Amino acid sequence: MSRLPVCLTIGGSDSCGGAGIQADLRVFHDLGVQGCSAITALTAQNHQVITRIEPVSLAQLDAELHAIFDVYDVLAVKTGMLLDAAHIATVSACLDLYHAGKPLVVDPVLVSSSGRSLLDEGALDTLKHTLIQQATLLTPNLGEASVLLKADVVDAVVSARQLVNDLGCSVLLKGGHGSGDVLRDVWVSVDGESDVFSHPKQAWGDFQYHGTGCRLASALAAQLAQNQGLHDACKQAIAYVQQPRAYEIHA
Ligand code: PLP
């Protein structure tokens with residue numbers, strides 16, 4: 001029996017299972033890769049509210065990362081909720097040691113849909129100057145893009161190009177929080193390639209939207225681990241997230 005490709009997700013645990021590590025591992029399983037995880041923080045949440053966040057110690061996070069990289073041939077990594085500058089620095093140093101030049105999808109998670117901050121305000125510069133520099137693909141939503149650019153997103157194609165220029169990595173700017181019946185995700189690569197993926201705005205409830213960004217980024221990592229090019233990985237990961245889920249969390 002051949003071994004499955006291995007993907008690693010680094011981020012927060014979501015007690016209701018809709019987002020974070022729990023969602024990522026389900027996506028990895030769905031898409032035929034073996035999932036490993038390293039947890040930055042435990043959250044107490046449902047799809048409506050995050051009531052508590054408990055940081056995981058840096059020593060524990062570091063130990064989890066080493067335990068995985070010491071033994072497994074990790075083909076792609078996805079990062080999500082990173083909490084603060086110290087957790088980012090721990091992750092960045094470990095990826096530099098074990099995963100340099102290999103596929104890394106960075107979801108720059110700043111705030112949950114329920115409105116809770118998932119990254120310290122002061123940590124944004126650390127994210128920009130460490131992990132994003134190592135990223136193969138950055139997957140901001142419109143709000144995260146405007147924070148990274150320090151400007152409103154007026155034209156998504158222009159903003160995606162600006163992000164690529166400013167940050168030096170390929171970008172998939174997600175249009176999921178946009179208005180209108182048709183939403184557009186804009187992909188621009190560091191090599192200057194680009195595409196726009198249009199899809200209908202889904203009539204989903206909050207609990208179905210919860211974790212959509214996590215699922216997209218982990219689907220991207222799963223595609224990259226299976227040797228898809230960036231463009232095909234974006235196309236297939238977007239199509240995957242657009243499908244109705246095989247499960248539903250009923251509130
Ligand atoms: N909780 C955790 C642990 C997450 O990693 C994320 C997103 O990355 C969220 C919550 C936010 O999910 P959403 O904004 O879809 O509610």
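**The largest pocket**

Tutor: In all, 42 residues line the largest pocket, and Tyr209, Gly211, Thr212, Gly213 and Cys214 lie nearest its centre. A pocket here is an open set of points on a 1 Å grid over the protein atoms alone, where a 1.4 Å probe fits, with protein on both sides within 12 Å along at least five of seven lines; lining residues have an atom within 4 Å of a point. The model is predicted, so local features need pLDDT of at least 70 and side-chain atom pairs 80 or more, while totals for chains, interfaces and linings use all residues. Residues are numbered from 1 along each chain, and side-chain values use heavy atoms, without hydrogens or water.

The lining has 14 nonpolar, 20 polar and eight charged residues, with Gly counted as polar and Tyr and Cys as nonpolar. The ligand takes up the space of this pocket (more than half of its atoms lie within 2 Å of the grid points). Around the ligand are 13 residues (a heavy atom within 4 Å), and Gln45, Ser113, His210, Gly211 and Cys214 come nearest. This shell has six nonpolar, seven polar and no charged residues.

Polar side-chain atoms supply two of them: one of Ser113 at 2.7 Å and one of His210 at 2.6 Å. Gly211 uses a polar backbone atom instead, 2.6 Å from a ligand oxygen. The protein covers 92% of the 400 Å² of accessible area (Shrake-Rupley, 1.4 Å probe) that the ligand has on its own.

Terms used. A polar contact is a pair of N or O atoms within 3.5 Å; within protein, one must be able to donate a hydrogen and the other to accept it, and residues adjacent in sequence count only if both atoms are side-chain atoms.
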